Amino acid sequence: MLKISHVSKTFNKGTVNEKKALNDLNLTIEDGDFITVIGGNGAGKSTLLNLIAGVYPPDCGHIVLNQREIALLPEHKRAKFIGRVFQDPLMGTAADMEIAENLSFAARRGQRRTLKWGSTKQEHEKFKKQLAELGLGLEDRLTSKVGLLSGGQRQALTLLMASLQKPELLLLDEHTAALDPLTAKIVLDLTQKIVEADHLTTVMITHNMNDAIRMGNRLIMLYNGKIIYDVRGAAKKALTVEDLHKKFTEAAGTEFSDDRAVLI
Amino acid sequence: MALLFSLEGAIGQGILWGIMALGVYITFRLLDFADLTVDGSFATGAAVSAALIMMGVNPYVTVFVALLSGFAAGAVTGFFNTVCKIPPILAGILSQIGLYSINLMIMGKSNIPLLNSGTMFSNLTDVLPNLGWITPNYLSVICIGVLFVILVIALSYWFFGTELGASIRATGNNANMVRANGVSTNMTTMVALMLSNGLIAMSGALVCQQQGYADVKMGIGAIVMALASIVIGETIFGRKGGYLRRLISIVVGSILYRIIVSVVLQLGLNPDNLKLFTALLVAIALSIPVLLEHSSQKSAYKKLTEAVESVEEKF
Ligand SMILES: Nc1ncnc2c1ncn2[C@@H]1O[C@H](COP(=O)(O)OP(=O)(O)OP(=O)(O)O)[C@@H](O)[C@H]1O
Ligand SMILES: [Mg+2]
């Protein structure tokens, strides 16, 4: 279980560029939840995931993962519990290293790096099987440099890497946004498969409303650094894209009327 | 004949300085960290070795202590960068400048001649036979140089295949991915800087013993010579291929660099202009691949465009 309470994050505090990205946010993620996160550009979605992953610390508040307070834990120490896939396909892999080396590197997530061999033959056999399941033909290219792969192949690989060492929490930040529709579908199906197989607790950001409704058991909408909508189970399944659009405009509307109130 | 003699010297020098280039390779290509500590830590190795030899310490032991002093120098740069968050180039410059004073402190003066003290090389020269085609003096340099180079290449090859070594290579590729997989990039940066400067200082100790003196200025321009060795090696062997091949290409590059230098000196280049010559050499070697790529792309474009146009005209 991940419990986020009273977390705020302001960028460039005290300058003209000051931006309150998250505003006193509270969220409890139950084990086995698969949450899709939607919201406009700049709503604070990535900030939320980056705070959970420890890319930067929150200004205030608690982030508790399975009874451990992790709010101020450095990024690499949290990585033991958290798997991530990023929007940019280049972010999740090391381009000049072989596919097998990347997988071996990720298979040791959270472990101490020793002077033992970095990528062993036994592992390669296992990787071959796991790569074959992706259905992208990567199983025959274990010694190819990752830089030679396409964006979609790299995202699929990153996804596999994130799940090799079963994470307590899987964070996906628009991980199909840079892919063509067909490849995006392949990677999303793969996501579904991996999450279900390992019962991973997952948070997935997406701009695709259909995917947000179709996938997962819970949906949250962010607006201006706050959660303005949180729906799960049957109610979520019954949502339509129009419902979500309406929610958006409603939220934006109240904001505008607030502004007007201030002006008057 | 004079050229041939200088060739023997160049090979030995190339091997000893090649160890420095192997050290620079760790930061420059693997970690992707432009470390300028080099000029300081190279002289530190020489200073430590010379000062200890004057105190009567075994010359081989002094090389080991020089290695440790290089670890320390790299750790200081690592501290500046990872803890104080000073950008790589500035962190290296700070260490380099600071080391100049420290090296003077270690030596007590700006130059220590070792002419009357035994070094690894003079001790070996005394027991080597004269083969005729090579003097015992040059032979000793090559023997000891090859021994150390094989040791360094073997250990490097092993280390960068381990979990820790792979983390350093990954850091040079994508620091973000390294942290996301639970490895501190501060740690990998620190370890890489220490190892790199350790090898550099070790090379300084070897060169100092070979030339028979340590000088506080002997590291000036070392970074550029290392880059020359790396890019000459890459120009000849290419940047592809296995890791072992890359390491060997650096040492070969270093030897070739020394041969080029001795040839241009024979041809009458003023030694004062050597640094300018080296700088130009590196600039040219770095730009050749880019220029070649550009011109081949241009000519291919011309050819293909002409081809499609000639097809069009037929209709
Ligand atoms: N590192 C940063 N430094 C300064 N401002 C930032 C930083 N990261 C985010 N912001 C700002 O915080 C706000 C929220 O950004 P965030 O990236 O969380 O939005 P998002 O919901 O992920 O949007 P998008 O859909 O465009 O990815 C934005 O106004 C953004 O400009
Ligand atoms: Mg975002």
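Colleague: What should I know about the model and its numbering?
Modeller: This is a predicted model in which local features need pLDDT of at least 70 and side-chain atom pairs count only at pLDDT 80 or more, while totals for chains, interfaces and linings use all residues. Residues are numbered from 1 along each chain as its sequence is written, chains are lettered from A and ligands numbered from 1 in the order in which they are written, and side-chain values use heavy atoms, with hydrogens and water left out.

Colleague: How many residues surround ligand 1, and which are the closest?
Modeller: The shell has 14 residues, the closest being A:N41, A:G42, A:K45, A:S46 and A:T47; a residue belongs to it if one of its heavy atoms lies within 4 Å of the ligand. By class there are three nonpolar, eight polar and three charged residues. Here Ala, Val, Leu, Ile, Met, Phe, Trp, Tyr, Cys and Pro count as nonpolar, Asp, Glu, Lys and Arg as charged, and the others, Gly among them, as polar.

Colleague: Which polar side-chain atom lies 2.9 Å from an oxygen atom of ligand 1?
Modeller: That atom belongs to A:H207. For A:E174, a polar side-chain atom is 3.3 Å from a ligand oxygen, and for A:A43 a backbone N or O atom is 3.2 Å from one. The protein covers 65% of the 630 Å² of accessible area that ligand 1 has on its own, by the Shrake-Rupley method with a 1.4 Å probe.

Colleague: Which element gives the largest share of the shell?
Modeller: Helix 1 of chain A, with three residues. Helices are DSSP runs of H or I with at least four residues, strands are runs of E with at least two, and both are numbered from the N terminus.

Colleague: Why is helix 1 of chain A described as largely enclosed?
Modeller: Because eight of its nine residues are buried, meaning under 20% relative accessible area (1.4 Å probe, protein chains only). Among them are A:K45, A:T47 and A:L48. Just after this helix, A:G54 has a positive phi of about 85°.

Colleague: Changing topic, where is A:L239?
Modeller: A:L239 sits in the loop between helix 8 (233-237) and helix 9 (241-263) of chain A, and is buried at 10% relative accessible area. Residues touched by A:L239 include A:I213, A:Y229 and A:L244, where contact means heavy atoms within 4.5 Å.

Colleague: And what follows helix 11 of chain B?
Modeller: Just after that helix, B:G268 takes a positive phi of about 110°.

Key: A polar contact is a pair of N or O atoms within 3.5 Å; within protein, one must be able to donate a hydrogen and the other to accept it, and residues adjacent in sequence count only if both atoms are side-chain atoms. Buried means under 20% relative accessible area, exposed over 50%, partly exposed in between (1.4 Å probe, protein chains only). Lists of a residue's contacts leave out its neighbours within four places in sequence.
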